[in-house]
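Please look over the model below.

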Amino acid sequence: MLFLSACWLIAMFAIILGYILVLSKSILIPTLYLFGKGRGLTGYGLHQDEHSFYLVPKRWFSHFYFCGIVCNSLVMLATIYTYLYSGTWPSAIKYIMDMLGHSESGQISPLSVLLAVTMIEVQVVRRFIECVYVSSYSRSTMSLVIYIVGLMFYAFVGISVLCQAPETKIKLDTLPVQWFDTLAVAIFIWASYKQNRINKIFAKLRQDKSGHVEDHAHHIPHGDLFRLVSCPHYLLEIIIYTSLNILFLGQHEIILYAWAFVVCNQVISAIITHSWYKEHFPSYPPKRKALVPYIF
């Protein structure tokens, strides 16, 4: 198993273990693990005071995506430079890849690598813009542990793609576009569009007709995929990272484990958020599921 694969796997099991300890109401773990709405669940006695030394505002989510823009932009530029010009990785990127455990796979297409780093770039740029210009945040908080994990994820997801990428020079006009490339890009575009719509619905819950924020309270969202699930944004996040695996047909071990981390994180977050909605809104739609329409 590659080093980064092991890191993503450990992170995934840490999230699962953390959730189990939260359910057992273990001392300390809930205050480090729960964030946003989750900190308001009955029985934990957690507060949202962002002035506590171990808590930061949830609006700092924008830092995750800014970190992702910086790190993945370097990765994308290195990928373009290598595949379209030099045929060899820049020395600094090569050094980082060797440190993280670079293992070139002959089953991975250079075009899929280019598409993957571009899709990640689009994702982090879009989410940063949404966080800064679209979202209307409550006064919710998250622990420094969650904050650091978020920064680490977006710092390493781009370089994770390169750690199994071939080192070669290509000509785009002679490179065949496979069916899975087209499918992955189509799914990514659809999921990104829908996630943007969902985030706008969230923002409008706290805004008046002119777009000014009226309050910081939580409200029941309605419309679009909210008719079916409480957390469509989490479902779409899973679909977005599933599209990366479709690019590689599951042959990219590191991205497969990164996807597993995303799935575990989003599933558990959806369970917690769904529980909070049902606990705080007696009239919450009874047929609405947590994450997967009609099923879960």
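Which residues form a nonpolar patch on the surface? They are Phe66, Val70 and Leu74, with about 290 Å² of accessible area together. Patches are made of residues with over 30% relative accessible area and no salt bridge; like charges are joined within 9 Å, and nonpolar side chains (Val, Leu, Ile, Met, Phe, Trp, Tyr) within 5 Å. Accessible areas come from the Shrake-Rupley method with a 1.4 Å probe, and for residues only the protein chains shown count as cover.

The model is predicted: local features need pLDDT of at least 70 and side-chain atom pairs pLDDT 80 or more, while totals for chains, interfaces and linings use all residues. Residues are numbered from 1 along each chain as its sequence is written, and side-chain values use heavy atoms, with hydrogens and water left out.

**Helix α3**

Leu74 lies in helix α3. Leu74 is exposed, because its relative accessible area is 53% (buried means under 20%, exposed over 50%, partly exposed in between; 1.4 Å probe, protein chains only). Helix α3 covers residues 61–86, and its 26 residues should span 38 Å at 1.5 Å a residue. The expected span is 1.5 Å times one less than the number of residues. The end C-alpha atoms of α3 are 36 Å apart, which agrees. Just after α3, Gly87 takes a positive phi of about 85°.

**Overall build**

The protein has 9 helices and 2 strands. Helices (H or I, at least four residues) and strands (E, at least two) are DSSP runs, numbered from the N terminus. Along the sequence the pattern is α-α-β-α-α-α-β-α-α-α-α. The C-alpha trace spans about 60 × 40 × 35 Å along its principal axes. A compact globule of 296 residues would have a radius of gyration near 19 Å; the protein has 20 Å, which agrees. That radius is taken over C-alpha atoms, and the globule rule is 2.2 Å times the number of residues to the power 0.38. Buried residues make up 50% of the 296. The protein exposes about 14300 Å², with carbon and sulfur atoms supplying 67% of it.

**Salt bridges**

The structure holds 5 salt bridges, each a side-chain nitrogen of Lys or Arg within 4 Å of a carboxyl oxygen of Asp or Glu. Three of them are tabulated here.

| Pair | N to O distance |
|---|---|
| Arg126 and Glu130 | 2.7 Å |
| Glu130 and Arg127 | 2.7 Å |
| Asp224 and Lys194 | 2.8 Å |

Asp224 forms a salt bridge with Lys194. Asp224 lies in the loop between α7 and α8 and Lys194 in helix α7, so the pair ties together parts that are 30 residues apart in sequence. Asp224 and Lys194 are buried.

Arg126, Arg127 and Glu130 are linked in a network of salt bridges. Arg126 and Glu130 are 4 residues apart in helix α5 (residues 110–134), about one helical turn. Both are buried. Arg127 is buried too.

His218 sits in the loop between α7 (179–204) and α8 (232–248). Its relative accessibility is 23%, so His218 counts as partly exposed. Not counting residues up to four places away in sequence, His218 touches Lys37, Ser138, Ser140, Arg206, Trp276 and Phe281 (contact means heavy atoms within 4.5 Å).

Most residues other than glycine have a negative phi. Leu249 has a positive phi near 50°. Leu249 lies in the loop between α8 and α9 (253–280). Tyr294 also has a positive phi, near 70°. Tyr294 lies in the segment after α9 and is exposed at 67% relative accessibility.
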